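The sequence and the structure come before the details.

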Amino acid sequence: MTEGIRIPEPRTLSGGQLRSSLAAVDEIRECYRVLKKGGLNIVGEVLRDQGPFYEMDHYPKDDVYDRETASQYYYHAHREEHSEHGHFHLFLRNGALPDSVEPVCGPTGENRVAHLVAISMDAWGYPTDVFAVNRWVTDESWLPAEAVIAALDQFAMDHAHPSWPVNRWLTAMVRCFRPQIAALLNHRDALVADRPGQSLEQVLEDRTLEITGSIAIDVESWAARLKEEQSRRSGNDQPFLRALSASATR
């Protein structure tokens, strides 16, 4: 479901975003490393000691919430037409959202909550794609894409429940794939604005529109493209650095 989504090219990223994504790749790899040593994976960790896995139930039962960062997530499954095992839903609550933005629809005031992205997982515990959803799916506060994108860097799960590696991994995934998440949110807004014959409020409650867009992801492929862009920029800097060095020796 990538039709119409402007998937960002590494050469369009700022230097800061390039460095942030690459640092997040290292964090993701480290989470995989420590889990693999124990014969574990991301999905297994979040489901550990949770009992039978039922579709639609939230895992862990009461979601995971970091009060200091107002970040929240849960894992569940319900997409029978998709090959995924399940997916994470990631949110920011009121304390991490811009004060000046009130939702068009959904919870307001101190109850505001914005859905950032969902991350599909395969049965081996690895991510396969990221996707955005319509408002009714998560009963979120519908904020414009630019407001949610501006708050993305606030997402951080900075405690060890239910699993420190899972929490670090989710935080790093938002940093790593921030350009893709931003693209999904912008596409989401464009899609709901273009639905013919419906008001915005009607579109946001339309049960025939569930997923507004999806982008396939692969950590190592994205990392390779980021490194290639980093190398290209370093190469472009060499003539300037040589000229600067020559000028300093005169």
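From the N terminus on, the elements of the chain follow the order α-α-β-β-β-β-β-α-α-α-α-α-β-α. The radius of gyration, taken over C-alpha atoms, is 20 Å, close to the 18 Å that the globule rule gives for 250 residues, so the chain is as compact as a globular protein of that length. The globule rule is 2.2 Å times the number of residues to the power 0.38. In total the chain has eight helices and six strands. Helices (H or I, at least four residues) and strands (E, at least two) are DSSP runs, numbered from the N terminus.

This is a predicted model, in which local features need pLDDT of at least 70 and side-chain atom pairs count only at pLDDT 80 or more, while totals for chains, interfaces and linings use all residues. Residues are numbered from 1 along each chain as its sequence is written, and side-chain values use heavy atoms, with hydrogens and water left out.

**Overall dimensions and burial**

The C-alpha trace spans about 70 × 50 × 35 Å along its principal axes. Of the 250 residues in the chain, 49% are buried. Here buried means under 20% relative accessible area, exposed over 50%, and partly exposed in between (1.4 Å probe, protein chains only). Among contacts (heavy atoms within 4.5 Å) between residues at least 6 apart in sequence, 70% join residues at least 24 apart.

**Two helices**

The expected span of a helix is 1.5 Å times one less than its number of residues.

| Helix | Range | Length | Span, first to last C-alpha | Expected span |
|---|---|---|---|---|
| α1 | residues 15-37 | 23 residues | 34 Å | 33 Å |
| α6 | residues 178-193 | 16 residues | 23 Å | 22 Å |

In both helices the span is close to the expected one. The buried residues of α1 are Gln 17, Leu 18, Ser 21, Leu 22, Ala 24, Val 25, Ile 28, Cys 31, Tyr 32 and Leu 35. Asp 26 is also found in helix α1, and with a relative accessible area of 49% Asp 26 is partly exposed. Between the C-alpha atoms of Asp 26 and Tyr 74, which are 48 residues apart along the chain, the separation is 24 Å. Just after α1, Gly 39 has a positive phi of about 70°.

Helix α6 is mostly covered, with 12 of its 16 residues buried. Among them are the charged residues Arg 178, Arg 188 and Asp 189, as well as Ile 181, Leu 184, Leu 185 and Val 192.

**Backbone geometry in strands and loops**

Two cis peptide bonds are described here. Tyr 59 is joined to Pro 60 by a cis bond with omega near -10°, and Pro 60 lies in strand β1 (residues 59-66). The peptide bond between His 161 and Pro 162 is also cis, with omega about -5°. Pro 162 belongs to the loop between α4 (145-151) and α5 (164-176).

Strand β1 also holds Asp 63. Although not a glycine, Asp 63 has a positive phi, near 65°. Asp 63 is buried, with a relative accessible area of 15%. Asp 139 likewise has a positive phi in a residue other than glycine, near 55°, but its place is in the loop between α3 (135-138) and α4. Asp 139 is partly exposed, at a relative accessible area of 44%.

In strand β3 (residues 86-93) lies His 87, which counts as buried at 0% relative accessibility. His 87 and Val 130 are 43 residues apart in sequence, and their C-alpha atoms are 9.0 Å apart in space.

A cavity is a set of points, on a 1 Å grid over the protein atoms alone, where a 1.4 Å probe fits but cannot get out; lining residues have an atom within 4 Å of a point. Grid points are joined across faces, edges and corners, and a volume is the space filled by probe spheres set on the points.

The count comes to one cavity of 30 Å³ or more. The largest cavity has a volume of about 40 Å³. Its lining consists of Tyr 32, Leu 35, Lys 36, Leu 40, Asn 41, Ile 42, Gly 125 and Tyr 126. Helix α1 gives the most to this lining, with three residues. By class the lining has five nonpolar, two polar and one charged residues. Ala, Val, Leu, Ile, Met, Phe, Trp, Tyr, Cys and Pro count as nonpolar, Asp, Glu, Lys and Arg as charged, and the others, Gly among them, as polar. Two of the lining residues, Tyr 32 and Leu 35, are also among the buried residues of α1.

Definitions and conventions
1 Å grid on protein atoms, 1.4 Å probe; cavity = no way out; pocket = protein on both sides within 12 Å on 5 of 7 lines; lining within 4 Å.
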